[in-house]
Amino acid sequence: MRVIPAAIAIAVGIVTLLTIFFPLPLLKDLHDYFIESTIILTAFALLLGLGNLVLVHFLRIVRRNEPGTGYSIIVLVSAAIVFAIGLIFNLSDAPMMWVFNNVYLPLQSAFFALTAFFLATAAYRALRARSIETLLMLIAALIVFIGQTPLLTSVSNDLVLLKDWVLKVPSEAGVRGILLGVALGTIATGLRLLAGVDRPYSE
Amino acid sequence: MPDVFDLVGVWIGVILTLLVFSYLLHDSPLFRVAQAIFVGVTVGYAATVAIRSILVTRLFIPLLSDFEFYWTLMIPFGLGLLLFTKWRAAWASIGNIPIAFLFGVGSALAIGGALTGALVPQLQATMVSLSPALGFDIVRDNLLLAIGTIGTFLSFRFIIPARTRAPMRALDVVARGWSFVGRWFIYIAFGAIFADTAVSRVSILVSRFYYVLQAFGVK
Amino acid sequence: MCGTPNKMESVFCLSCGARLVPLTVAPAEEKPPPVAPPIKGLSLPARESPGELPAEWQKIEPEPTDQKKDDATWLDQLRNTPPEENEPVEAEDVPTWLKSVEPTSDAKAPVQEELPPSTEIPEWLQAIRPAELPAEEPAAEMVDDSQIPDWLRTATEEKEPPVAQETAALVKEPVSETPIETESAQPVAQEPAVTPTTEEEMPAWLSELKPAQEQTAEPVPAEDTSSAEPLLESLEAKTSAKPHADEVEQPAWARPQPSTSSAESDEDIPDWLRTLPSSNEIGAEPSELLLGAEAVPELQPALPEEVPDWLASLKPATQLVEDDSLEITGPLEGLRGVLPLALAVTEPHPPAKTAPAPAKNDGGQLFESILAAPRIETETPAVTIKRRTWSMRPFVYLLIALAALVPFFLPSDWIGASLPISNTPASKFYDAILALPVNSTVLVSFDYDASQSGEMDLQANAILHHLIQRRTKIITISTLETGAPIANRVLGNVTQNLNGYAYGTNYVNLGYLPGHEAGLAQLATNGFAPNLRDFAGSPFSNLTGFTGVKTLRDVAMIVELAGSEDTLKQWMEQVQPKVPTKIVAGVSASVEPKARAYYDTPSKQLTEMVSGVYGAAQYEILSNQPGVALSSINAQGIVQLTLIVVIVLGNIAFFISRGRKQNA
């Protein structure tokens, strides 16, 4: 049973990879078909994950003696309401847009906005000149901060130029090095998977 | 009537926002309620999108409208259904087949993308000119870019070369030294990323304050 | 092997891990002695088929000289193990004697198939090999990452992965189907909702030990063989039912805070587990456990009903060591020296004074070296820091909140007026759109979700306003599930009260483009599919204004509104190399440092870029349409200024406290 998934992953992967570099007609048809199938499969994967989440909350309600049962009820009820609206109305229709604009968006935005406070405390604690490395980090952070604070940049445009230089030269060098490392890592991991050395899809 | 809905909607949004911000005072049940609503709405919305935007549009409509032409879509349909065998422990290994399919295509796309969209252009960008004709500032910046990029890259080294031969040993020493310098560039990049992330979050915070104040008629 | 000088007593090289002391051959007549000294660090299994263990010991063969080759073989096996295979790997870690207790399992069979049996290493040694290296090398940084077995790797990952909360919940249900989980459902129920439960994280073999211990408390020896079945069932269920096992699995022994679990589960855990000092050290413990199990055939009496006959025959004649720890709880209550593992780890030890066992000399040396390893400091200096930050936190929160609030009550717009405009990325972006031919089509990808709409909407508004001013046709899509309604919202705002700019003719929202990389690769190679539908569900081909737009080559410019680096990366990797159309980006400030790497390439992966609310405000000035970005830039600036003050204060506090410490 372990051979079939490996064979599928390797065959599908190699065909897709070959088509990227050699778009021959037959290969391209297969490539297009695989891509379309992948897109369809992502929907099932998403539904599987959501189904699991719902099941967990449902079981918590059934067991009753667990803490957070009340919250699980809220999760399930709100999920059911939105899903029901989504089945009846289209995503672009007013009821779904109402839910999105007035419930989903404010909630997600607010959760993200909270991180501004956490980042502030993190800045207080973490950005300290403990060593050469952290000193460099602190200086870079301060320059980037100052370079886009209008109150300060109105004093001198050089602050903006300095920020641009930090982002353009030393920071970009670091980011580019990371990008190259990640690209090589991705290629190595992908090739291992296509060679059948790594099989993350089977237990 | 729609205006009433809009008004109610705005106030619901404001109340939910305030519930979330209540976390700053204390991790209260109010915050947990907001969290639960958010999870629920996300689940409902994502399920709707998965069904309407993918399954209906890309699977059911083509299959129902022209089965003769689109019959091949039955295979991803079947593979998708196989995924649900993951729910039952005894059948879960069957669910590995669609997952293997996803991994196969995903890794091929990732390899192609990393090669053509990251490795090649970023290497090109690292090959900078150091000609004095460019002027001191540009040569200095280019030199810093090259040293920093290569140093950062070297600090991701995982393989320790065999140190049996002298040239290899020398190479190893150089690489270690260079990667030490490269680490400084990583820290500078982290500093910049931290600051820019904070700027981004501040924008979002200000937008939420703006949203609440607008509802109260301040702005 | 590598030439690194090592200590005399070292068994393995600290640098390369090669064995320094050759394994000795057990002469045929020197079989494991019938009376063996006490085992350290292991609670022996409650059941074992008689005669099996000695048979395995007989299999000891001389260690081949080509150690590297062997290492490579079994390390390769480790490497070959996919990361998600936590459970099977754990199953492999279980010594052979424990495996032999279990009936044949379907779930485990494939794992064994994949690993070719080494002819050079005895079976029981193979079982413990993965555990050897980490145990042998206490300094974690010296261990090559690839050499660490998967189960240990998960143990050393202290931080939970971001999805851990959800996935922990996700995997809970299938596991609970198994008898063993149902049996121990009570402790799980006591856990807080978001805390990963102890039951899920405990390796299956440990879970099995737990009920076995409970049973021995009220002795029912007859149940011993039957209770092996739940073990396998739980193993099977866990190996097969967890798609994200690697993300959530952290074995119980790797969790340093038993305080989070319920009282019941606490009682179930043996003492040596409860006293584990820190997760740094804990990684080594199971290996010691296994080594102790296999390498040192020293036994202490357990409860009579717990010990099978064959084990009873090995009962030592030696006296109890003076400092052996006394078990005060659990099924081993009243016994000494059965579980001294915690002591072995937390306290510095001289080389153990146990009598050398000739037949198992190799294991004895190994165990000795473990005991002789220096103690790893477990104290974390976080206490004082924690106290200080706790007191600062409300102050920082208040400062930030006030800084964000106050500017809204101040009637000033002088800051926006002083923003630098000329020769900025925003002005170049503006010029690029200005250069677009009238009636050309622009694709705008709304790749940010609701969380970042507060920042990105301002950019989107400014850019769309300008595009409409230029009378370009706009197609919007989104590679995120929630990007399409945001596009709908922003388009609704900017096209409000506009005459002659109609949906379907001048602009269209194509909604969600699913599949991430796959979706973008399809768009890049095949363009807009004929059966494509817009956000409202109408076929794209029916929209009269866009009949000429078939592929991305028919689009004059692609505007990528990236809220995260992931979407930007996908566009750069899947679309940009395949399509000649220029790609410009409006990015969140948090993405700017990374987007720069694409912006400053000779091939101009990104031709133009505008960043954050700052860029949006500049754009509003450029297009002479002052909006929300300009009005909120005041508050933005004040909060950033406050953050700078907070950072400076943090450094002042740091240097003051450091000065005090130095003086003290």
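Visitor: Which side chains meet in a salt bridge between chain A and chain B?

Guide: In this predicted model, the side chains of Glu36(A) and Arg58(B) do, at 3.2 Å from N to O. A salt bridge pairs a side-chain nitrogen of Lys or Arg with a carboxyl oxygen of Asp or Glu within 4 Å, so this pair qualifies. The count between chain A and chain B is one salt bridge.

Visitor: How much area do chain A and chain B bury between them?

Guide: About 9,900 Å², and 83% of it is on carbon and sulfur atoms. The contact brings together 108 residues of chain A and 111 residues of chain B.

Visitor: And what do chain B and chain C bury between them?

Guide: Here the area is about 4,100 Å², with 66% on carbon and sulfur atoms. Arg58(B), Leu109(B) and Val206(B) supply 12% of the area that chain B buries against chain C, more than any other three residues. In the contact with chain C, 44 residues come from chain B and 55 residues from chain C.

Visitor: How many salt bridges and polar contacts are there between chain B and chain C?

Guide: The salt bridge count is zero, while nine residue pairs are in polar contact, both residues at pLDDT 80 or more. Helix 2, helix 5 and helix 7 of chain B each supply at least two residues of the side that touches chain C. Helix 7 of chain B has the largest share, 17 residues. By class, this side of chain B has 27 nonpolar, 11 polar and six charged residues.

Visitor: Where should I look for the second largest pocket, and which residues lie nearest its centre?

Guide: Start with the general idea: rolling a probe the size of a water molecule over the atoms shows where empty space is left. In this model, the second largest pocket holds about 1,500 Å³ of space. Look for Asn101(A), Tyr211(B), Asp457(C), Arg489(C) and Asn493(C), which lie nearest its centre among 44 lining residues.

Visitor: Which helix gives the most to the lining of that second largest pocket?

Guide: Helix 7 of chain B, with eight residues. The lining as a whole has 20 nonpolar, 18 polar and six charged residues.

Terms used: Residues numbered from 1 in each chain as written. Chains lettered and ligands numbered in written order. Predicted model: local features only at pLDDT ≥ 70, side-chain atom pairs only at ≥ 80, totals over all residues. Heavy atoms only, no water. Contact = heavy atoms within 4.5 Å. Buried area = accessible area lost by both parts, 1.4 Å probe. Polar contact = N/O pair within 3.5 Å; in protein donor to acceptor, adjacent residues only side chain to side chain. Helix = DSSP H or I, 4+ residues; strand = E, 2+ residues; numbered from the N terminus. Nonpolar A, V, L, I, M, F, W, Y, C, P; charged D, E, K, R; others polar. 1 Å grid on protein atoms, 1.4 Å probe; cavity = no way out; pocket = protein on both sides within 12 Å on 5 of 7 lines; lining within 4 Å. Points joined across faces, edges and corners; volume = space filled by probe spheres on them.
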